[in-house]
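Below is a short note for a colleague who has not seen this structure before. Please read the points in order, with the structure open alongside.

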Amino acid sequence: MSTSTSLSTSSSLSESLSTSSSLNNSLSTNIEETNSSNIDRPRNSQVISYDFKPKLQPVIEFKPKTKTKKKSTRTKTNSSETIKISRLRKLRDDYVVVDIETTGLSPGEDKIIQLSAIKYIDNKKIAVFNEYINPHTKLSDFIINLTGITQDVVDHGKELNDIKDDFISFYGDLPLVGHYINGFDIKFLIANNLVIKNVATIDTLPLARKLDLENAKLPTVKNFLGINNNSHDSLDDCYTTNALYQFAKENF
């Protein structure tokens with residue numbers, strides 16, 4: 001969440017990302033945005049069910065939104081190629097949750113080391129995509145401690161070019177749902193040619209902010225929803241993001 005430090009390098013790293021100017025300067029792609037392993041995983045997760053009803057106390061009153069904001073357009077120009085990103089406000093029943101772990105915060109300089117996605121049709125999970133990717137660089141101790149992904153794991157990971165077509169085919173024309181996806185994940189996906197032409201996104205960060213918690217980070221949301229899994233593992237963060245997404249659909 002998609003490395004992720006709390007907003008996964010889409011979690012804690014992603015929160016820091018919002019103040020990093022390198023994100024806006026490192027992409028060489030024009031973006032037109034319209035709001036509208038073969039090896040074992042590096043650490044063990046508890047086996048849990050994500051089809052759950054959150055244990056809520058009647059302390060938060062949720063008020064459905066009644067106003068519809070107008071769409072706005074923002075264009076970034078740096079090269080001859082243009083990718084149109086439609087930011088969706090309406091929550092869909094068919095979608096793909098995506099999250100990534102990276103070596104750092106800069107899409108132009110840092111590398112994706114884990115790419116995960118879960119496809120949902122009619123709100124039901126039908127397929128999972130999860131790959132560790134070889135960045136051909138040494139991981140920092142910070143990233144290893146944050147994600148639990150070791151150097152050995154990425155050294156035996158797949159080449160990014162070998163999984164690009166599989167990932168693009170996996171999500172197809174479905175909207176991509178992610179926690180802080182508009183500020184973090186989508187920029188890495190574009191920088192690594194994992195997005196072609198037009199793509200729609202749904203960011204769950206604004207949904208988390210409606211919960212009025214201490215913060216909107218995925219680990220905090222995870223505790224609120226009663227989920228017991230790893231944070232800063234992109235596949236587990238996909239499950240947490242989907243739980244938040246479904247909670248929002250039922251309550252907002």
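Is Asp162 buried or exposed? Asp162 is exposed, its relative accessible area being 56%. The points below start from the model as a whole and then return to this residue.

1. Basis of the note. The model is predicted, so local features are taken at pLDDT of at least 70 and side-chain atom pairs at pLDDT 80 or more, while totals for chains, interfaces and linings use all residues. Numbering runs from 1 along each chain as its sequence is written, and side-chain values use heavy atoms, with hydrogens and water left out.

2. Overall make-up. The protein chain has nine helices and eight strands. These elements are DSSP runs numbered from the N terminus: helices are H or I with at least four residues, strands are E with at least two. Of the 252 residues in the chain, 52% are buried. Buried stands for under 20% relative accessible area, exposed for over 50%, and partly exposed for the range in between, with a 1.4 Å probe and protein chains only. The accessible surface of the chain is about 12400 Å², and carbon and sulfur atoms account for 44% of that. Such areas come from the Shrake-Rupley method with a 1.4 Å probe, and for residues only the protein chains shown count as cover.

3. A negative patch. Glu159, Asp162, Asp165 and Asp166 form a negative surface patch. Asp162 belongs to helix α5, residues 160–171. A patch takes residues with over 30% relative accessible area and no salt bridge; like charges are joined within 9 Å, and nonpolar side chains (Val, Leu, Ile, Met, Phe, Trp, Tyr) within 5 Å. Asp and Glu count as negative and Lys and Arg as positive, with His and the chain ends not counted. Each charge is placed at NZ of Lys, CZ of Arg, CG of Asp or CD of Glu.

4. Strand β5 and its partners. How many residues of strand β5 are buried? Nine of the ten residues in β5 (112–121) are buried, so the strand is mostly covered. Strand β4 (residues 95–102) pairs with β5 in the antiparallel sense over eight bridges, and Asp99 faces Ser116 of β5. Strand β6 (residues 124–132) also pairs with β5 in the antiparallel sense, over eight bridges; there, Gln114 has Tyr132 in β6 as its bridge partner. Pairing requires that DSSP finds at least two bridges between the two strands.

5. β5 and β6 make a hairpin with two residues between them. Asp122 is in the loop between these strands, and its phi is near 55°, a positive value in a residue other than glycine. With a relative accessible area of 45%, Asp122 is partly exposed.

6. Another positive phi. Asn193 has a phi near 60°, again a positive value in a residue other than glycine. Asn193 sits in the loop between α6 (181–191) and β8 (199–203) and is partly exposed at 46% relative accessibility.

7. A buried loop residue. Leu139 is in the loop between β6 and α3 (141–147). Leu139 has a relative accessible area of 3% and is buried. Its C-alpha atom is separated by 8.8 Å from that of Val154, 15 residues away along the chain.

8. Salt bridges. Side chains of opposite charge can pair when their charged atoms come close. The whole structure holds three salt bridges, each defined by a side-chain nitrogen of Lys or Arg within 4 Å of a carboxyl oxygen of Asp or Glu. In one of them, Asp93 and Lys249 have their closest N and O atoms 2.3 Å apart. Asp93 is in the loop between β3 (82–87) and β4 and Lys249 in helix α9 (residues 234–251), so this pair ties together parts that are 156 residues apart in sequence. Asp93 is partly exposed at 38%, and Lys249 is partly exposed at 25%.

9. The other two pairs. Lys158 pairs with Glu131 at 3.1 Å between the closest N and O atoms. This pair links distant parts of the chain, 27 residues apart: Lys158 is in the loop between α4 (151–155) and α5, and Glu131 is in strand β6. Lys158 is partly exposed at 30%, whereas Glu131 is buried at 12%.
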